[in-house]
Amino acid sequence: MKFLKQTFSAVFFLIASLVFLSFRHSDPPASFQIVNLRCEYLVNPLGIDVLNPRFSWEMVSAERGKSQKAYQVIVADNEEMIGKNEGNTWNSGKVASGESFHIRFDGKTLLSGKDYYWKIKIWDEQNVKSEWSEAQRFSMGMLDKKDWKAKWIGAPSVQPVTVQDENIIPPSPLLRKEFAVKKRVKKAKLYATALGVYEMYLNNKKVGDRILAPEWTDYFTRVQYQTYDVTDMLLNGDNVIGGMLADGWYAGVLFTHGKPQRGNYGFDRRLLAQLEIEFTDGTKDVVVTDESWKILLDGPMKEASIFDGEVFDARYIPANWQKPGLDIQRWDDVAVDNTVKLTVNAQINEPIRVVKEIRPVHVFRAPNGNYIFDMGQNMAGWVHIKLPYNPGKKIIMRHAEILMEDSTLYTQNLRTAKQTDIYIPARETTIDYEPRFTYHGFRFVEVAGLTEPPTLDNITGKVVASAASLVSGFNSSHKDVNQLWKNIMWTQLSNLHSIPEDCPQRDERCGWMGDAQIFCQTAIYNMDLGAFYTKWFKDIRDRQTPEGRYPNYAPQVGMVFYDAPGWTDAGIIIPWRAYLNYGDKRMIEQHYGSMKSFIDHVHKENPNLIRVNAAGQNYGDWVNGNTIKAEGYPTDKGDVARDLFNTAFFAYSTQILADASRVIGKKKEYAYYSDLAKKIREVFVKEFVGKNGEIKGGTQAGYALALEFNLVPEHLRAKSAKLMVDAIAEYDYRVSTGIQTITRMMNQLSRNGYTEVAYQLLESRRFPSWIYSIDQGATTIWERWDGYVKGRGFQRWQMNSFNQYAIGSVGEWMHNTIIGINCDETQPGYRHFMLKPTPGGSLTWATGSYKAITGRVEVSWKKQDGELTVEVDIPANTTATLVLPSGKNITENGRPVPGDQHIKILKNQTEQTTLKLASGKYRFSMPG
């Protein structure tokens with residue numbers, strides 16, 4: 001008995017010891033999480049063709065001072081392996097690094113069409129590790145030309161081209177093929193693209209939710225293909241795959257300044273599609289576009305045009321054309337086109353989609369008897385019309401941004417763009433229609449052909465845009481400033497259709513680089529554009545000439561323009577801004593040769609360093625005050641001298657190139673371009689800067705450029721800034737700047753101690769101003785300060801968009817000053833960033849956020865009862881420098897600063913205090 005007791009005691013002690021040791025040595029639960037896992041900026045992308053894709057994630061925690069000490073990435077080529085937390089394709093091992101974005105795959109060679117799965121694990125600053133993340137997925141696309149078994153197919157070639165071909169849009173052809181699936185499907189992918197735009201169908205269902213694929217590229221050089229997972233769309237037995245083609249950007253009318261003509265790239269609309277099926281028994285099958293397909297030339301889509309709209313005749317829908325067993329007597333053999341030699345690349349940016357739906361706010365009967373719906377918001381897209389009856393005649397929908405004083409549509413500013421959709425019903429009992437191969441810029445829709453008074457439920461607005469994520473927020477005590485922010489957001493959303501276009505309504509809709517350049521920082525604050533810009537930079541390079549000349553807009557076709565300063569400099573400035581915000585060195589590496597070629601070209605043409613040659617159309621500060629037509633407004637001191645404007649951009653772009661050389665380790669080129677930038681600055685100062693800080697011409701714009709581009713000697717900056725304010729006072733504290741300088745002036749006002757002047761301009765209701773347009777009912781940003789002036793009417797119709805984002809670049813200032821979020825150029829990608837919220841004007845509070853690549857940054861401030869409260873939320877794995885507008889009596893959550901190990905005082909001055917903050921939430925109070 002005694003032996004049993006001793007044995008029991010020993011066993012009990014052993015078990016207790018093991019439990020204790022297990023408890024002691026097990027990892028404590030992690031106080032952080034891993035979120036927002038992405039591959040090449042995208043969530044679970046399909047069909048990419050980047051041979052070494054990169055991974056990004058965010059670390060989140062409610063605790064202060066959390067950071068990543070190490071990470072581990074695993075990649076597997078099957079779900080079972082990744083489910084076991086094993087990476088048979090790549091295992092990075094534990095990497096001691098705080099990096100959380102653009103982690104480059106460095107494993108086995110990735111194979112065409114193959115699915116891969118990945119996970120990550122991270123360790124925090126205390127070496128506590130996380131659980132493995134949820135498995136993510138990416139798949140490779142066609143990595144070799146030989147992978148394509150499909151052929152380009154379509155209607156017979158229109159060659160030789162006739163006048164009719166150039167001016168009349170032919171019906172959109174339907175294409176189809178029947179095939180059988182006799183085994184159990186494991187997975188299936190469809191790879192597709194077109195010359196034109198396309199929709200694909202499987203078994204009477206549209207494939208995917210993309211719109212206007214394959215989107216706009218330089219069709220002289222390349223076309224994108226798209227990848228779809230269609231596993232769940234296949235049927236056991238007989239299947240039908242089909243497609244529809246339309247003009248799109250390839251064959252359709254593009255920017256031609258009043259001379260509309262089809263076929264800028266070509267006339268022959270073509271489809272390329274390859275369906276790859278993998279069965280559970282390990283075998284595979286492939287269905288491709290080839291001679292076996294059939295085509296119906298005269299389908300229901302009678303016309304489809306980006307600018308003009310659609311004509312859809314439901315009477316021509318062939319019955320059961322997407323079902324097996326169709327009688328194909330009326331269908332022809334397709335033509336196979338072996339002449340297409342374009343590079344075919346995967347699309348690795350967000351697709352164009354319906355990103356939002358809105359309902360009209362009002363409907364009324366127009367003087368002509370038709371009905372006009374007011375969507376309440378200027379937008380880009382179309383309307384979905386649903387009627388509980390069939391009027392038995394065509395329904396015509398015309399679109400416009402604004403109404404005339406007699407309540408009819410103002411369409412003159414559309415120029416030749418018709419923006420009209422026509423639906424011709426068949427015998428259906430109800431109407432249910434929306435377009436698919438067009439988009440419009442509009443707030444108002446006039447509907448003709450109704451036989452009953454409509455209700456607001458009869459139409460729904462479909463907002464169509466590249467589906468990049470929204471990443472910003474803004475709100476304040478000033479309702480009109482809030483509306484301005486909304487207008488900026490809506491304008492950006494309206495002008496994002498695979499390129500950053502200038503306007504969504506008239507016969508232009510081009511990727512004007514000057515507009516995109518001044519708006520790029522606002523654009524980045526508002527939306528996650530890493531993938532979008534990666535695609536568009538390729539468009540810019542595709543149109544660069546061998547001499548290094550950049551186009552004024554990209555892609556460029558039809559009206560060909562090159563060399564304009566401020567426009568072509570976008571090829572330098574925007575990639576650099578993208579690098580600073582996203583920390584993406586590959587952007588610079590891919591684009592560097594192009595940047596260098598451009599600067600070398602400008603330098604060669606301007607050896608004396610004053611940029612007067614290679615200036616193209618020489619637009620200058622577009623739509624500046626001298627172009628404004630309004631009684632009592634000055635018209636003689638708004639335009640900055642072209643030689644000053646051009647040379648300022650030459651200096652700025654050259655310095656960026658030097659900095660880019662340094663980033664990618666090109667030391668000799670860094671030295672060379674740094675020296676060149678210095679010499680251009682010296683020439684600029686000699687030619688354009690006076691001894692007392694005067695800038696040639698004395699314009700608001702000239703001062704703004706010189707100060708923003710660091711072209712004023714340090715000892716003269718305060719004087720130049722004061723003279724800039726004097727130039728504003730000369731206009732009775734109104735703006736005279738155009739699109740290239742307005743935000744740069746706002747920035748420099750704040751950076752030189754004149755924030756109250758900037759607030760005065762922001763809040764002004766006097767013409768010209770942002771809020772003036774809001775008082776006239778604007779829900780988007782106008783192209784011109786005086787697009788409409790009460791009592792005068794509209795500006796010249798030839799160029800008068802009411803949905804153009806350039807002047808909305810003030811969103812950059814609202815973000816970097818009112819909210820105060822700024823990137824730190826010494827640590828790209830928001831590893832560390834600068835916070836300087838700056839109260840002013842009549843605002844009593846403001847709050848805003850920016851979801852950086854490292855996580856969401858939030859800032860808010862409030863003035864009440866003589867106290868200023870500032871709250872900030874800094875993402876895990878980042879740090880921030882916070883500048884507070886007070887030099888004394890600052891507390892954080894009731895304790896005097898620093899008061900916490902995560903707060904460090906960097907500088908304490910009479911009027912401001914600079915703090916270094918670890919991640920976490922903070923609440924500061926001070927006199928205010």
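This is a predicted model: local features need pLDDT of at least 70, side-chain atom pairs count only at pLDDT 80 or more; totals for chains, interfaces and linings use all residues.

A: When its neighbours within four places in sequence are set aside, Thr 741 is in contact with Asp 621, Ala 701, Ala 704 and Leu 705.

Helix H12 covers residues 700-708, and the loop between H9 and H10 holds Gly 625. Gly 625 is buried, its relative accessible area being 0%. Not counting residues up to four places away in sequence, Gly 625 touches Tyr 633, Pro 634, Thr 635, Gly 638, Ser 736 and Thr 737. From Gly 625 to Arg 586, the C-alpha atoms are 40 Å apart in space, and the two residues are 39 apart in sequence.

Asp 643 and Lys 696 meet through their side chains, at 3.0 Å from N to O. Asp 643 belongs to helix H10 (residues 642-663), whereas Lys 696 sits in the loop between helix H11 (667-688) and helix H12 (700-708), so the bridge ties together parts that are 53 residues apart in sequence. Asp 643 is partly exposed, at a relative accessible area of 22%. Lys 696 is also partly exposed, with a value of 37%.

Helix H8 (residues 570-582) and helix H9 (residues 585-605) have axes 10 Å apart and meet at an angle of about 160 degrees. Because angles over 145 degrees count as roughly antiparallel, H8 is described as roughly antiparallel to H9. The crossing of the two helices is left-handed. From H8, the contact draws on Gly 571, Ile 572, Pro 575, Trp 576, Ala 578, Tyr 579 and Tyr 582. From H9, the residues that meet them are Lys 585, Met 587, Ile 588, His 591, Met 595, Phe 598 and Ile 599. Sorted by class, this contact of H8 with H9 has 11 nonpolar, 2 polar and 1 charged residues.

The loop between H8 and H9 is itself joined to another region. Side chains of opposite charge can pair when their charged atoms come close. Here Arg 54 forms a salt bridge with Asp 584, and their closest N and O atoms are 2.6 Å apart. Since Arg 54 lies in strand S2 (residues 54-60) and Asp 584 in the loop between H8 and H9, the pair ties together parts that are 530 residues apart in sequence. Arg 54 is buried, as is Asp 584.

Arg 64 forms a salt bridge with Asp 900, with 2.8 Å between the closest N and O atoms. This pair links distant parts of the chain, 836 residues apart: Arg 64 is in the loop between S2 and strand S3 (68-76), and Asp 900 is in the loop between strand S44 (895-896) and strand S45 (903-908). Arg 64 and Asp 900 are each buried.

These pairs can be set against the whole structure, in which a search finds 59 salt bridges. Elsewhere, a network of salt bridges links Arg 415, Asp 502, Arg 506, Asp 507, Glu 508 and Glu 783.

The axes of helix H5 (residues 479-494) and helix H17 (residues 810-819) come within 10 Å and cross at roughly 125 degrees. That angle makes H5 oblique to H17. H5 passes H17 in a left-handed crossing. Val 481, Leu 484, Trp 485 and Ile 488 of H5 make the contact with Val 810, Gly 811, Met 814 and His 815 of H17. By class, these residues divide into 6 nonpolar, 2 polar and no charged.

Gly 107 has its place in the loop between strand S6 (103-104) and strand S7 (115-124). Leaving aside neighbours within four places in sequence, Gly 107 is in contact with Thr 89 and Trp 90.

Conventions: Residues are numbered from 1 along each chain as its sequence is written. Side-chain values use heavy atoms; hydrogens and water are left out. Axes are lines fitted to C-alpha atoms, for helices over the stretch in contact, and angles run from 0 to 180 degrees between N-to-C directions. Helices (H or I, at least four residues) and strands (E, at least two) are DSSP runs, numbered from the N terminus. Angles under 35 degrees count as roughly parallel, over 145 as roughly antiparallel, 65 to 115 as roughly perpendicular and the rest as oblique. A crossing is left-handed if the near helix is turned anticlockwise from the far one by less than a right angle, and right-handed if clockwise. Contact means heavy atoms within 4.5 Å. Ala, Val, Leu, Ile, Met, Phe, Trp, Tyr, Cys and Pro count as nonpolar, Asp, Glu, Lys and Arg as charged, and the others, Gly among them, as polar. A salt bridge is a side-chain nitrogen of Lys or Arg within 4 Å of a carboxyl oxygen of Asp or Glu. Buried means under 20% relative accessible area, exposed over 50%, partly exposed in between (1.4 Å probe, protein chains only).
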